[in-house]
Amino acid sequence: MVLTCNVTAHADGVDLLAQFMKQTRSGRAQFTQVVTSPSRAGQAPRTKTSSGSFEFQRPGQFRFDYRKPFVQTLVADGQTLWLHDVDLNQVTARPQAQVLGSTPAALLTSASDLQALKKDFQFSPEPDRDGLQWVRATPQSPDGQIRSVMVGLRAAVNGPELAMLDVQDSLGQRSVLSFAAFESNPSLPPGTFVFKAPAGAAVIRP
């Protein structure tokens with residue numbers, strides 16, 4: 001009897017990610033992103049820090065509003081991925097299906113259940129650390145830009161919360177996104193994922 005009480009099931013990172021995808025149809029948070037470039041001979045690795053807000057809604061819609069150090073907006077409306085660089089007064093528009101693929105954004109927003117993502121990613125649990133449960137997502141295709149994505153989730157009263165993404169790309173660059181004040185299933189305004197190029201901005205469609 002004692003043994004039964006002591007071995008209550010502990011959901012691993014893969015279980016928690018599956019629960020997050022099933023229960024969290026939309027989300028909103030503040031983020032800080034630290035990008036570390038690979039070190040070169042005789043030089044220390046270079047880091048760049050940016051911050052802003054993040055919103056998403058399944059399937060396939062998300063928005064990153066970068067506020068520091070430069071103002072940029074990245075919007076996926078379900079069809080097109082828009083990048084607006086305010087300083088350059090330039091908008092880049094790409095077909096969403098072509099550019100997202102096995103990316104962290106697609107991992108979190110493109111599908112409503114974990115099973116649907118297994119054609120693009122392999123998932124494996126990682127040890128708990130920093131008060132979070134972790135899962136490693138490795139792209140099925142070895143030819144993509146992403147080598148691996150570590151997803152850090154926090155178990156909360158209202159369901160799992162997204163806390164961190166740790167992304168390693170094929171060029172050796174590391175990008176760590178930390179999320180704060182995460183809201184599960186907020187009611188997002190209808191225009192959140194609608195993007196219109198500002199008047200006078202150059203629109204580039206590579």
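Biologist: What phi does Gly60 have in the turn of the hairpin formed by S2 and S3?

Modeller: Gly60 has a positive phi of about 80°, and the hairpin has 3 residues between S2 and S3. Keep in mind that this is a predicted model, in which local features need pLDDT of at least 70, side-chain atom pairs count only at pLDDT 80 or more, and totals for chains, interfaces and linings use all residues. Residues are numbered from 1 along each chain as its sequence is written, and side-chain values use heavy atoms, with hydrogens and water left out.

Biologist: Why are S2 and S3 called paired?

Modeller: Strands (DSSP runs of E with at least two residues, numbered from the N terminus) pair if DSSP finds at least two bridges between them. S2 and S3 have 7 bridges, so they count as paired, in the antiparallel sense. Phe54 stands opposite Phe64 of S3. S1 and S2 are joined too, by 11 antiparallel bridges, with Gly52 in S2 as the bridge partner of Phe31.

Biologist: Now to Gln33. Why is Gln33 called buried?

Modeller: Gln33, found in strand S1, has 11% relative accessibility. Buried means under 20% relative accessible area, exposed over 50%, and partly exposed in between (1.4 Å probe, protein chains only). At 11%, Gln33 therefore counts as buried.

Biologist: How do you know that the side chain of Gln33 makes a polar contact with the side chain of Tyr66?

Modeller: The pair is 2.7 Å apart. A polar contact is a pair of N or O atoms within 3.5 Å; within protein, one must be able to donate a hydrogen and the other to accept it, and residues adjacent in sequence count only if both atoms are side-chain atoms. At 2.7 Å, the pair of Gln33 and Tyr66 therefore falls within the limit. The side chains of Gln33 and Ser175 are likewise joined, at 2.9 Å. Contacts in general (heavy atoms within 4.5 Å) link Gln33 to residues including Lys48, Thr49 and Val176, leaving aside neighbours within four places in sequence.

Biologist: Which residues lie nearest the centre of the largest pocket?

Modeller: Gln33 is one of them, along with Tyr66, Leu74, Gln173 and Ser175, and the lining has 38 residues in total. Among the elements giving two or more residues to this lining are strand S1 (26–36), strand S2 (47–57), strand S3 (61–68) and helix H4 (104–109). The space in the pocket comes to about 1,300 Å³.

Biologist: What makes a space a pocket or a cavity?

Modeller: On a 1 Å grid over the protein atoms alone, a cavity is a set of points where a 1.4 Å probe fits but cannot get out, while a pocket is an open set with protein on both sides within 12 Å along at least five of seven lines; lining residues have an atom within 4 Å of a point. A volume is the space filled by probe spheres set on the points, which are joined across faces, edges and corners. The whole structure has 1 cavity of 30 Å³ or more, and the largest cavity holds about 30 Å³. Among the residues lining that cavity are Pro38, Arg40 and Pro45.

Biologist: How many residues of each class line the largest pocket?

Modeller: There are 21 nonpolar, 13 polar and 4 charged residues. Ala, Val, Leu, Ile, Met, Phe, Trp, Tyr, Cys and Pro count as nonpolar, Asp, Glu, Lys and Arg as charged, and the others, Gly among them, as polar.

Biologist: What makes strand S8 largely enclosed by the rest of the structure?

Modeller: In S8 (residues 132–139), 6 of the 8 residues are buried, so the strand is largely enclosed. Strand S7 (residues 121–129) joins S8 through 7 antiparallel bridges, and Gln122 stands opposite Thr138 in S8. In the hairpin of S7 and S8, with 2 residues between the strands, Asp130 takes a positive phi near 55°. S8 is also joined by 5 antiparallel bridges to strand S9 (residues 146–154), where Leu153 is the bridge partner of Gln133.

Key: Helices (H or I, at least four residues) and strands (E, at least two) are DSSP runs, numbered from the N terminus.
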